[in-house]
Every structure is written in C-alpha cells, then in structure tokens.
Amino acid sequence: METQAATTQRGRRSREAIVDAAATLMYVDGVAGTSVDKVLAASGAGKSQMYHYFKNKEQLVGAVIERYLEQVLGNQPAIFTLASWADLETWTEQLLDVHRRAGAPIACPLGNLAGEVGDNPKLAPLVDQAYRTWESHLARGLKTLQDNGELAADADPARLAQAAMTSVQGGLLLAHIRHDLTALEDALGIALAYLRSHAREC
C-alpha cells in the first residue's frame, strides 16, 4: 500500500501534519470515527494535499500504523541492542516506565487498531507486519544471546519473541482497562521468566 512521498521540506511538513493529526484522532476515536474532514481540520491541510499523498483513507491508515510503530519502538530503545539478560530486564523496565506516567496505563495504539481492523483484509496485514517488526527486534536480541551462549542452542528465538509479545499485549490490554499497572508488571515478569527458562545451562 504505497503512498506518495513528499519531495520538499514544505511537503514533508504537510504530510507529517496529516499523519500526526490522523494518528491522534484514530487513537481516540478509532478509524471508523475519524473522517477525512476531521483530519484536514486538525492538520490544517487542504483536500488536494491530502489526496496528493494518500489516494484513499486506507493508505492514510497505513501511514498511521507506521507512525504508531515508530512511537512504540521509540519508547523501548533497549530492544534495538539486546545482548544479555540484563538488557532484557532493561527493556521491560522501559515498557513499564511509559505506563508509570500521569494518565497511564495507556492503551497500545497498535492494539487499539488491531481490535478495530483485525477482520479488514487490507489493513489487518499492515498491523500484523507492525507487530512482526516489533517482534523481530526481540527475536534478534534473543538470537544474540544464543550466539553468546546465554540462550539454549535448541531454543527458537522467533517463537520465544512471539510468546513474549503475546504476554506483553495481554498485560497492556488489562492494565489499560483496569487502570492497574500490576497486570503489565505481572505479564512482563511472566515473559521474562519464560525466556529465562530457555537459558543455557552452565
């Protein structure tokens, strides 16, 4: 689902403003509740600008999914450099820190979208790809642990990353709904314990 790239600084600002406005609106009102007119009003962009960069609303949603992924990964920088069990603990602490702020625990923006567009044959694969990208960083870190002799040789980093992500998403969902961080704390604790159960025995 390719979109038109912005080739000038002014164009990039306009495109970014449109995506930022759409991301904010869709987080609060959902995809169905976010009309193109609302996005234009919030971004200050014109309709011609909108359709220059995005042929339709689905392309705009695709750009929003990319933006959400950038935000999610930006809140957990340790995931890019995982190389030890201590690094994994740092990663979980970074996830928790996001939800210790005022107004938290907050909903995962990707999780919000997944619940709404999970049956959409065009949009669901885009959300899935965002999750797979997130998982891939975790899997790469686990593969590094394996290469360093800290993870069992017969462990599957990709499956372990998927299992950890399943726990993380469940924790994020319940923490947000219950306004209680313990759900996420417990989920991350379970994820770490499961990963550590595959540590290489000395």
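The lining of the largest pocket in this predicted model divides into 14 nonpolar residues, five polar ones and three charged ones. In total 22 residues line this pocket, and those that lie nearest its centre are V72, N75, I106, A107 and P109. Two or more lining residues come from each of the helices α1 (9-29), α4 and α5, and the volume of the largest pocket is about 370 Å³. A space of this kind can be found by calculation, since rolling a probe the size of a water molecule over the atoms shows where empty space is left.

Is Q76 buried or exposed? Its relative accessibility is 1%, and because buried means under 20%, Q76 counts as buried. Leaving aside residues up to four places away in sequence, Q76 touches W91, Q94, L95 and W134, and with W91 its side chain also forms a polar contact of 2.6 Å.

One of these neighbours of Q76, W134, leads on to helix α7, in which W134 is among the buried residues. Helix α7 runs through residues 124-147, 24 residues in all, and spans 34 Å from its first C-alpha to its last, close to the 34 Å expected at 1.5 Å a residue. Other buried residues of α7 include V127, Y131, L138 and L142, and the cover over the buried residues of this helix includes α4 (57-74), α5 (85-98), α6 (109-117), α8 (157-178) and α9 (182-196). After α7 comes G149, which has a positive phi, near 80 degrees.

Terms used
Residues numbered from 1 in each chain as written. Predicted model: local features only at pLDDT ≥ 70, side-chain atom pairs only at ≥ 80, totals over all residues. Heavy atoms only, no water. Helix = DSSP H or I, 4+ residues; strand = E, 2+ residues; numbered from the N terminus. Expected span 1.5 Å × (residues − 1). Buried < 20%, exposed > 50% of the residue type's maximum accessible area, 1.4 Å probe, protein only. Contact = heavy atoms within 4.5 Å. 1 Å grid on protein atoms, 1.4 Å probe; cavity = no way out; pocket = protein on both sides within 12 Å on 5 of 7 lines; lining within 4 Å. Points joined across faces, edges and corners; volume = space filled by probe spheres on them. Nonpolar A, V, L, I, M, F, W, Y, C, P; charged D, E, K, R; others polar. Polar contact = N/O pair within 3.5 Å; in protein donor to acceptor, adjacent residues only side chain to side chain.
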